[in-house]
Amino acid sequence: MVNYVYQLVSPHVFSLEYEDVDFTKEVVIRPRYLAVCHADQRYYQGQRDAAVLRKKLPMALIHECCGEVIRDCTGTFQRGQKVVLIPNVPGNDDEMIYENYARGSRFLSSGSDGFMREFVNLPPDRVVPYEGIEEPIASISEFVSVGVHAATRLSLLAHSRRESIGIWGDGSLAYVVACVVRRMFPQAKVSVIGKSAAKLSSFTFVHNTYMADMLPDGFSVDHALECAGGEGSYYAIDDIITYIRPQGTVMLMGVSENKVPIRTRDILEKGLTMVGSSRSGRADFEKAVELMEDKKFQSRLRYIVYEDQPVRSIRDIQRVFETDMATPFKTSFRWEL
Amino acid sequence: MIFGAILAGGVGSRMNIADRPKQFLQLGDKPIIVHTLEKFLLCSRLDKVYVGVHPNWLLHMQDLLDKYVPDQKDMVVIVPGGGDRNNTIMNIADKIEEDFGASDDHIIVTHDSVRPFVTMRIIEENIDGALQYGAVDTVIEATDTIVVSEDGKVITEIPNRKKMFQGQTPQSFNLKMLKELYHDLSEEEKDILTDACKICVVRDKPVHLVRGEVSNLKITTISDYKIAQAMIGGNAIG
């Protein structure tokens, strides 16, 4: 069958690619709702390094997606079943390493085509079923699973004193991570540290929110999650090193295009553990779906999902990326191409 | 209920490149009609897909189903085609009513078998449009200037291009309405019909428009065939 793939060929420019796909294997899914990630936006805006753009484009963007099973030759899913899609393609089988970091693993929408396709075919282990989640919310499952992955690793790596956890950042990643941390560390006092009073006001479910330049005297946390990224990475990491207690664990989650200087002297003095955490695997998706099937959790997420108009043309794709630039949190949209 | 109707009744070839109807030529690694059928079979809103095939090619079509879509054969019904396009549609309509009974609500999505690049958006918008309006046609804005000539020698008229569209398929209808309009036509009127939408137009039944795609091309000539092969990254055979 001829499948349509909507590829970014250069910043702001999409083109159509037709692929002759054998849909008699694996699970065939019709994407229903997609959500935009900052990573997609960086490709769209041309903010990645020119050499990276040259190497990776043309490529279909978007790795956050929920859809409907149209057919499944493996017999794992029912026709019409609602599912979320895992963009990570595991590489070398290595028991010591998470599937999402193993050598040889690939990521759809970073080097391979993402989900801006008419139909997507995936092996059954890259598909997670869900029930009772509104589609615009379900479309950000990958995003939630990244939060789950970080919280899971924090719980495995951090020392057992977890009375206070600090989250640096006030964007959608910080919001989702805060939601997940509140669930997975119910005893911990959670503080969110940001730069926008308006954005911080949406974190109604954490114990404290602070403006980064107005942290109270004596403020400290046992462990921290950095969710700033970009230009904010430097300031967030610098603050974390200042305010974290000795032997705390720092989860680094924000992406920065530039190198970030850090005070290694203080990391050494405090004996800190710095952990990179970005991508999620199947277990994280399953946990994310479990959390999202809870109505209260889902309601919280609704606050950060802006549903744009459906996409029915390439011009609509461009509109979605422009909308996303103008909205503070996540942009989700019905995919009708 | 909602039915697909893939029209493959023709036997003539304007391509002069093969001894078989063009819908049975290979595109990539399977026949054109199989690509088209596979796209329809992925539309979960269709209850059944009928394929109208010239009587001489019924067995060949059955072989293709066995070979390419063995696990979805029960979703497809092969119907002998009639003398022309609209006769084939009516044969399919009769078969639908034989299989499922007549209903005021049946929708039929008719489509050229030689348009394998149809998209799911176009199919779904056809279904939505047929449900809402009773009749829809898939069109794209005309890019070339259309010239009218009554005698084929001198221009009679050059219509405003902004009002000109090129018809594609699918064309979708409320089945009962389409049958009633068709059987109301005289034989002379039927003779001048080149497509199913005209059945509605000559009886003043509004036909709404669905936006097609330039890529939803009809593979009619050797150049179309070469373009289609290039689009999916293969080489034309011929």
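Predicted model: local features only at pLDDT ≥ 70, side-chain atom pairs only at ≥ 80, totals over all residues.

Trainee: Which residues of α1 of chain A are buried?
Mentor: Asp40(A), Tyr43(A) and Tyr44(A), in a helix that spans residues 38-45. They cover an arc of only 100° around the axis, so they sit on the same side of α1(A). The arc is that of the directions from the helix axis to the C-beta atoms. Buried is 20 or more other C-beta atoms within 10 Å of the residue's own, exposed is 12 or fewer, and partly exposed is in between, with C-beta atoms placed from the backbone. Helices (H or I, at least four residues) and strands (E, at least two) are DSSP runs, numbered from the N terminus.

Trainee: What do those buried residues of α1(A) pack against?
Mentor: β1 and α11 (314-326) of chain A. Contact here has C-beta atoms, placed from the backbone, within 7 Å.

Trainee: Next, α4(A) and α5(A). At what angle do they cross?
Mentor: Roughly 45°, and the axes come within 9 Å. That makes α4(A) oblique to α5(A). Angles under 35 degrees count as roughly parallel, over 145 as roughly antiparallel, 65 to 115 as roughly perpendicular and the rest as oblique. Axes are lines fitted to C-alpha atoms, for helices over the stretch in contact, and angles run from 0 to 180 degrees between N-to-C directions.

Trainee: Left-handed or right-handed?
Mentor: α4(A) passes α5(A) in a right-handed crossing. Right-handed has the near helix turned clockwise from the far one by less than a right angle, left-handed anticlockwise.

Trainee: Which residues of α4(A) and α5(A) meet?
Mentor: Phe143(A), Val144(A), Gly147(A), Val148(A), Ala150(A), Ala151(A) and Ser155(A) in α4(A) meet Val176(A), Val177(A), Val180(A), Val181(A) and Met184(A) in α5(A). By class, that contact has 10 nonpolar, two polar and no charged residues. Ala, Val, Leu, Ile, Met, Phe, Trp, Tyr, Cys and Pro count as nonpolar, Asp, Glu, Lys and Arg as charged, and the others, Gly among them, as polar.

Trainee: Over to chain B. How do α3 and α5 pack there?
Mentor: At about 130°, with axes 11 Å apart, for α3 (residues 85-100) and α5 (residues 175-184) of chain B. So α3(B) is oblique to α5(B). Their crossing is left-handed.

Trainee: And α8 of chain B, what's buried there?
Mentor: Tyr225(B), Ala228(B) and Met231(B). They fall within an arc of 120° seen down the axis of α8(B), so they line one face of the helix. Ser223(B) and Ala230(B) are exposed on the other side. The buried residues of α8(B) pack against β2 of chain A together with β2 (26-27) of chain B.

Trainee: How many residues does each chain give to the contact between them?
Mentor: Chain A gives 18 residues and chain B gives 16. β2(A) gives the most to the side of chain A that touches chain B, with three residues. By class, that side of chain A has 10 nonpolar, one polar and seven charged residues.

Methods
Residues numbered from 1 in each chain as written. Chains lettered and ligands numbered in written order. Contact = placed C-beta atoms within 7 Å.
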